[in-house]
Structures are given as structure tokens and as C-alpha cells.
Amino acid sequence: MSMTFWLVLAFTILAILSPVLWLRPSPRDRRLIDLRRAAREAGVSVDFGKAPLHESSGLVAYRWRYPQTRPGSRFVAVRDAHASEALKPCADGWRWRIEPLRPMGESARHAFEAVLAALPEDALVLESTRDHLWVWWRESWNATQFAHHEPAIAGLRDALEGDAPRRGGPATPP
């Protein structure tokens, strides 16, 4: 057999196998798969919606659910680098985009500041709604780092639950 035949056969085999190699997950993809699996195992949902920022491309939300009977307070804290100077500071390096209607209790405030200090630089927004506590970020942690920090974020959710003002009445301090 001629050399041309073997070359054509080798190129044909490579052409058949190359799409299979492209489908293999990259190291970054494997890290994200492990990170999201760790989040799911901790009861945290991953959301690919639009972040509460004007320039929010590439942000993913991890959300911790409040119990239906004890909804959370509404607020949005934004990292200084992505917030207007006109916004009121809420913690070192963070500003209120939407401030809670009533002040946080002492334990909630302590947990809030600790979580903000521990979040990675790519975490740009910490948001709380009646139903969820959201961290909007670019997923820089690996699964081990997430597992290390997740209890503190869940603790913040626990400290904030039931902090929503009651419907039909004035907000009362905790």
C-alpha cells in the first residue's frame, strides 16, 4: 500500500475523533461542574438570570431560600467598584443600592459584614428578596472553597429570615 493511503486514513481517523476531543470539558468546566454540584448538595440554587447591575454579563446567582413563613428583608448591596459614589456605604468596600426598610439586628448585621468581607472579588452583588438571599458572582471559588464559606452565607440567611416588614402594618425593629 502506498504512503498516500496511510496519510488519508490517518487524516480521516483524526477528522472523526477531533469532535470527540472538543466535547471533553476543560479544567474550568470541570471546576464549575464540581462547584455547582457542591451548591446543589448544600441546597443552594444556581440561577443564570439578569443581575441587578447595568453591566452584569458573566454573573451567575447562587441563591439561598428563606422559609415561606419567615420571608427575608429586601436589600441590594453592591461592591464599591461597581457602585455609584452617590450610594450610601453599608460595609467596607460595599454600598447600598437598595437599603433595608428597617435596620438589621445586631447578629444579622455581624453576619452580613462577615459574609461581605469573605466573598471573593468577583462577587459583585449581595441581594435579598422576600424569597431568597442571592450572591451574584463569576464563580471563582472551587467546590472546597464554596463548602468552607457556604455555612456563613446560610447563617446570614438564617439571621435575616423573618426580617421582612409585615404587610399592612409599619415595620417594627427586631
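Here is a quick briefing on the fold, the surface and a few individual residues of this protein chain.

This is a predicted model, so local features need a pLDDT of at least 70 and side-chain atom pairs count only at pLDDT 80 or more, while totals for chains, interfaces and linings use all residues. Residues are numbered from 1 along each chain as its sequence is written, and side-chain values use heavy atoms, with hydrogens and water left out. The protein chain has four helices and seven strands; helices (H or I, at least four residues) and strands (E, at least two) are DSSP runs, numbered from the N terminus.

**Overall layout**

- Going along the sequence, the elements of the protein chain come in the order α-α-β-β-β-β-β-α-β-β-α.
- The C-alpha trace of the protein chain spans about 90 × 35 × 30 Å along its principal axes.
- The radius of gyration of the protein chain is 23 Å, whereas a compact globule of 174 residues would come in near 16 Å. That radius is taken over C-alpha atoms, and the globule rule is 2.2 Å times the number of residues to the power 0.38.
- Of the contacts in the protein chain with a separation of 6 or more, 64% are between residues 24 or more positions apart (contact means heavy atoms within 4.5 Å).

**Surface and charge**

- Buried residues account for 39% of the 174 in the protein chain. Buried means under 20% relative accessible area, exposed means over 50%, and partly exposed is in between (1.4 Å probe, protein chains only).
- The protein chain exposes about 10,600 Å², with 58% of that supplied by carbon and sulfur atoms. These areas come from the Shrake-Rupley method with a 1.4 Å probe, and for residues only the protein chains shown count as cover.
- There are 23 positive and 20 negative charges in the protein chain, and their mean positions are 5 Å apart. Lys and Arg count as positive and Asp and Glu as negative, with His and the chain ends not counted; the place of a charge is NZ of Lys, CZ of Arg, CG of Asp or CD of Glu.

- Strand β3 covers residues 75-79, and five of its five residues are buried.
- In a regular strand, side chains alternate between the two faces of the sheet. In β3, F75, A77 and R79 point one way, V76 and V78 point the other, and all are buried.
- β3 runs antiparallel to β6 (residues 125-128), joined by four bridges (strands pair if DSSP finds at least two bridges between them). Here V78 sits opposite V125.
- Four bridges also join β3 to β5 (residues 94-98), again antiparallel. Along this pairing, A77 has W96 as its bridge partner, and V78 has R95.

**The β4-β5 hairpin**

- Strand β4 (residues 89-91) pairs with β5 in the antiparallel sense over two bridges, and P89 stands opposite R95.
- Two residues lie between the strands of this hairpin, where G93 takes a positive phi near 85°.

**Two residues to look up**

- T12 is in helix α1 (residues 3-23) and counts as partly exposed because its relative accessibility is 38%. The C-alpha atoms of T12 and P89 are separated by 62 Å, with the two residues 77 apart along the chain.
- E139 is in the loop between β7 (132-137) and α4 (143-160). Its phi is near 60°, a positive value in a residue other than glycine. E139 counts as buried because its relative accessibility is 2%.
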